Amino acid sequence: METDYRREFSDFEGAAYLNIANQGPLPRVAARAAQAAIDLKRLPHLLPENLYFDLPDAIREKLARLIGGNLEEIAITAGATSGMCAVAAGMEFQPGDEVIVAEGEFPAHFSTWLPYQQAGKVNVRVIAPRGRFIAAADYAEHLTPKTRLVSASLVRFDNGALLDAAQVAKACHAAGAALLLDITQAAGAVPISIRALGADFAVCSGYKWLLGPYGTGFFWIAEEWQERLRLGPVYWMAVDGARNFHTLPLTGLKLSSGARRWDSAETASFTNLAAWDASLEFVLQTGVEAVANHNRALVDEIIERLPRDSCVLASPSEAAGRGAYVCVSARKANGNQELFVKLRGEKIYVSLRENALRISPYLYNTREDVARLIKALTA
């Protein structure tokens with residue numbers, strides 16, 4: 001019998017919530033963990049000192065299992081942008097060096113690099129796809145001897161297209177460039193082997209498919225880059241010996257090894273991390289493969305039943321070419337805004353992104369939700 005995951009989440013009050021790519025809801029177990037953390041702040045005499053370190057390390061270990069990495073390669077951040085900023089600040093650019101970003105990428109790819117271009121430290125080259133969706137070959141053909149980094153998403157936020165990151169990484173490394181991969185719309189949604197992707201850096205927000213509170217995320221940095229990437233100011237908990245509050249090191253400071261040196265300040269936000277730890281445990285116990293299979297069945301049904309007289313597919317048609325969600329667009333001009341408002345009126349929640357409707361189901365969604373969506377799109 002198929003597991004009914006709806007009981008693991010709060011009642012959506014009659015809404016068909018097909019919008020996890022925007023904001024993932026906390027599972028019930030995570031909400032309870034968040035309340036327990038708030039109680040510890042309300043009664044701080046009950047707060048164990050080792051929680052400041054044990055909880056971030058528990059998160060690190062779970063994330064490593066989730067992406068097939070090593071916990072020493074993972075920094076805990078407040079979101080994807082934190083990791084991007086660490087890479088931007090730490091790379092040693094030379095005059096004329098360039099960073100490649102594809103047009104239509106998530107704004108963080110531009111907001112991270114454009115200030116460096118304005119400061120004259122690097123050139124940002126925006127490339128366009130030859131076809132409808134950006135592909136590995138598009139990046140490969142634009143690499144030059146001046147390219148130092150490609151900044152790209154594994155799954156695009158605007159159309160759900162899945163990038164062949166391994167091919168991009170291969171081309172980058174052959175050209176002496178690095179690959180920074182945003183895996184926000186993939187981690188927790190589709191199975192990932194971070195080493196197979198070939199990236200040098202990966203960033204991820206934790207509040208979408210990883211079901212964490214807003215203000216959670218991680219930065220993965222390959223071991224070979226951990227001594228190459230320059231450090232800026234470091235959170236004091238990354239100092240060797242910091243775990244022992246009773247004898248904090250005050251002289252001869254030495255930084256810990258590994259990616260924790262890039263932890264965001266105030267990493268031990270146990271009110272956030274306690275909930276995220278519970279959510280990650282839920283994802284791991286459920287299995288990302290189960291999430292991907294469940295979503296694939298619902299997305300396939302959406303595509304099959306899509307009213308083609310009024311809507312068109314705005315994502316790759318082949319399942320192998322997209323992530324765990326699908327985007328559709330109205331045929332008539334300005335129709336997407338009208339459909340978005342109509343869906344909201346009928347308590348069907350999706351995102352309006354780049355003039356397309358992004359529909360992102362999850363384990364709590366059913367075929368009945370799909371039927372409601374298709375009926376609203378058809379009427």
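**Entry 1: a loop residue to start with**

I opened the notebook at Glu 354, which lies in the loop between β12 (351-353) and β13 (356-359). I take helices (H or I, at least four residues) and strands (E, at least two) as DSSP runs, numbered from the N terminus. This is a predicted model, so I keep local features to pLDDT of at least 70 and side-chain atom pairs to pLDDT 80 or more, while totals for chains, interfaces and linings use all residues. Residues are numbered from 1 along each chain as its sequence is written, and side-chain values use heavy atoms, with hydrogens and water left out.

What is the phi of Glu 354? I found a value near 50°, which is positive in a residue other than glycine. Most residues other than glycine have a negative phi. I also looked up the exposure of Glu 354: the residue is exposed, with a relative accessible area of 55%. For such calls, buried means under 20% relative accessible area, exposed over 50%, and partly exposed in between, with a 1.4 Å probe and protein chains only.

With 65% relative accessibility, Glu 13 counts as exposed.

**Entry 2: the sheet**

Next I traced an open sheet of seven strands with mixed pairing, and wrote its order as β2-β8-β7-β6-β5-β3-β4. Two strands pair if DSSP finds at least two bridges between them. Which strands stand at the edges? They are β2 (74-77) and β4 (123-127); each has a single partner strand, so one side of each is left without a neighbour in the sheet. On average, neighbouring strands here are turned by 20° against each other, direction ignored. For angles, I use axes fitted as lines to C-alpha atoms, for helices over the stretch in contact, and angles run from 0 to 180 degrees between N-to-C directions.

Contact here means heavy atoms within 4.5 Å. Helix α6 (residues 165-174) lies across β5 (147-153) and β6, and runs at about 155° to β6.

**Entry 3: a look at β7**

I then followed β7 (residues 201-205), which pairs with β6 (residues 178-182) in the parallel sense over three bridges. Leu 180 stands opposite Phe 201, and Leu 181 stands opposite Ala 202. With β8, the pairing of β7 is antiparallel, over five bridges. There, Val 203 has Phe 219 as its bridge partner.

How many residues of β7 are buried? Five of its five are. Phe 201, Val 203 and Ser 205 point one way from the strand, and Ala 202 and Cys 204 point the other way.

**Entry 4: cysteines**

The structure holds zero of them. Cys 172 is in no disulfide, and the nearest cysteine sulfur, that of Cys 204, is 20 Å away. The sulfur of Cys 204 is 16 Å from the closest cysteine sulfur, in Cys 85, which is too far for a bond. I noted Cys 172 as buried, at 1% relative accessibility, and Cys 204 as buried at 0%.

**Entry 5: aromatic rings**

My search of the whole structure finds 18 aromatic pairs. Rings of Phe, Tyr and Trp (its six-membered ring) pair if their centres lie within 6.5 Å; planes under 30 degrees apart count as stacked, over 60 as edge-to-face and the rest as tilted.

The rings of Phe 106 and Phe 157 have centres 5.2 Å apart and planes at 85°, so this pair is edge-to-face. The pair links distant parts of the chain, 51 residues apart: Phe 106 in the loop between β3 (98-102) and α4 (107-118), and Phe 157 in the loop between β5 and α6.

Arg 358 lies over the face of Tyr 325, at 5.9 Å from the ring centre. The charged end of Arg 228 sits over the ring of Trp 225, 3.8 Å from its centre. A charge sits over a ring if NZ of Lys or CZ of Arg is within 6 Å of the ring centre and within 35 degrees of the ring normal.

Key:
Disulfide = S-S within 2.5 Å.
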